[in-house]
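Here are my notes on the model you sent over.

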Amino acid sequence: IYRPLLISVLLLLSIFVPNSAFTAKAETISRDLMNWQPLVSKRVHVEPKSLLESAPRLAKDEDYLKAVQKTWDEELSERRQDGPESEFTRCTYRDEDGVELFGLLVRRTNQRHLGGKIPGVLFFHTGAGPHDICLHWKADSLVTNDDVFPEGCIVLLADMLSDDCGWGWSPDRTHYNEVRSRLLAADDATNVRFNLRKRLNAAIDAIMSLDEVDPTRLSALGWCLGGHSVLELSRMKHPGMRSMFTYHGVFDNVPPPPSRAPEISGESCQVLVCNGAEDPFVPREALKNGVATMSAFGCNVELMDIQGARHGFTNPGQDFNPNEAFAFHAEAASTAWTATQSLLKTTLNNTLTHGGSSSK
């Protein structure tokens, strides 16, 4: 008796929400429409200690956090003073098993006033989980770039772990390793990673449920563990996915590509693999299998194998990682990000056709 009445009341209330131009299907994604906050002032111009003590946790330690803040602030100083700014809100959504996932949406501060359909960009995180100040920086960098996105875009920092508080930063990797193992488990007969696909489909459904997102203009960026997400997306052949990117993406235990190429239809997705040539976590055979698999499933793949770059080369915080396998490489990071912006502009610009670059 009361459920239909409650739904009717909620629908009526939604009409009067000042920010209702930015709405989503309640069953797909949930967020506080009144709680958009300025990203830069909440992340760069604050004391690191307060972010380390916040929930969710956003960094490994103070050195990591300060390094990202410093690089982010340097980038801000080079932007136009009258350029776009960004804002964020936390969101939750669920996969088909009902597992709650904890994401972050980032957009321009004036996006709700512009109207029209805009591209949707998915971020897939490292083994540290979705709550990473480095990903906040990269999201801010994208949504405020009015050369790449003249009409704006919205970024969803997807959660692949069901991490509500930042437990991905824990030095005890027992729980993470268990979750990772389940996530990447492959079917013996098909090599399909069904658990991973459930999380990927949940992220895609979440961003496509936003009224302002153009479902035919999607992109995905994956760091480290996120390489597996991009690889599996290439096998899924989502029709709206125009471009994908990996940065020091790992492809461990990826089987060789199919001996017989699957039937491919529709437009090709452009993929840029940004790999550190000195990365010990990405053996050459695994990299070869990853690139060959994406190509076998119809993607146009370019491999950017950057000499001198190690694991985590895009992240300033890795300068403070005692593990010598990790290191920030400013030149490599800049080269990869410039190439990323160029391909995003080509593939997600509404005035351009889907596709257009060749395999390399």
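1. Ground rules. For residue classes, Ala, Val, Leu, Ile, Met, Phe, Trp, Tyr, Cys and Pro count as nonpolar, Asp, Glu, Lys and Arg as charged, and the others, Gly among them, as polar. This is a predicted model, so local features need pLDDT of at least 70 and side-chain atom pairs count only at pLDDT 80 or more, while totals for chains, interfaces and linings use all residues. Numbering starts from 1 along each chain as its sequence is written, and side-chain values use heavy atoms, with hydrogens and water left out.

2. The largest pocket. Its volume is about 1000 Å³. A pocket here is an open set of points on a 1 Å grid over the protein atoms alone, where a 1.4 Å probe fits, with protein on both sides within 12 Å along at least five of seven lines; lining residues have an atom within 4 Å of a point. Grid points are joined across faces, edges and corners, and the volume is the space filled by probe spheres set on the points. There are 38 lining residues, and Glu75, Leu76, Arg79, Trp137 and Ser141 lie nearest the centre. Helices H2 (39-43), H4 (62-78), H6 (133-143) and H11 (330-348) each give two or more residues to this lining; helices (H or I, at least four residues) and strands (E, at least two) are DSSP runs, numbered from the N terminus. H11 supplies the largest share, seven residues. By class the lining has 13 nonpolar, 14 polar and eleven charged residues.

3. The second largest pocket. This one holds about 790 Å³ of space. Of its 32 lining residues, Gly127, Ala128, Arg173, Cys224 and Phe326 are the closest to the centre. The elements giving two or more residues are H6 and helix H7 (174-184). The lining splits into 14 nonpolar, twelve polar and six charged residues.

4. H4 against H6. With contact meaning heavy atoms within 4.5 Å, the H4 side includes Trp72, Glu75 and Leu76, and the H6 side includes Trp137, Asp140 and Ser141. The contact has eight nonpolar, four polar and two charged residues.

5. H7 against H8. The axes of H7 and helix H8 (residues 194-208) come within 5 Å and cross at roughly 95°. The two helices are therefore roughly perpendicular, which is the term for 65 to 115 degrees. Arg182, Leu183 and Leu184 in H7 meet Asn195, Leu196 and Arg199 in H8. Three of these contact residues are nonpolar, one is polar and two are charged.

6. Strands. Strand E3 (residues 86-94) runs antiparallel to strand E2 (residues 37-38), joined by two bridges, and two strands pair if DSSP finds at least two bridges between them. Gln37 stands opposite Phe88 in E3. E3 also pairs antiparallel with strand E4 (residues 100-108), over nine bridges, and Thr89 faces Leu105 there. E3 and E4 form a hairpin with five residues between them, and Gly98 in the turn has a positive phi of about 85°.

7. Backbone spots to look at. Most residues other than glycine have a negative phi, and most peptide bonds are trans. Ala55 and Pro56 are joined by a cis peptide bond, with omega about 0°; Pro56 lies in the loop between helix H3 (48-52) and H4. Ser162 is not a glycine, yet has a positive phi of about 60°, and is found in the loop between strand E6 (154-157) and H7.

Methods. Axes fitted to C-alpha atoms, helices over the stretch in contact; angles between N-to-C directions. Parallel < 35°, antiparallel > 145°, perpendicular 65-115°, else oblique.
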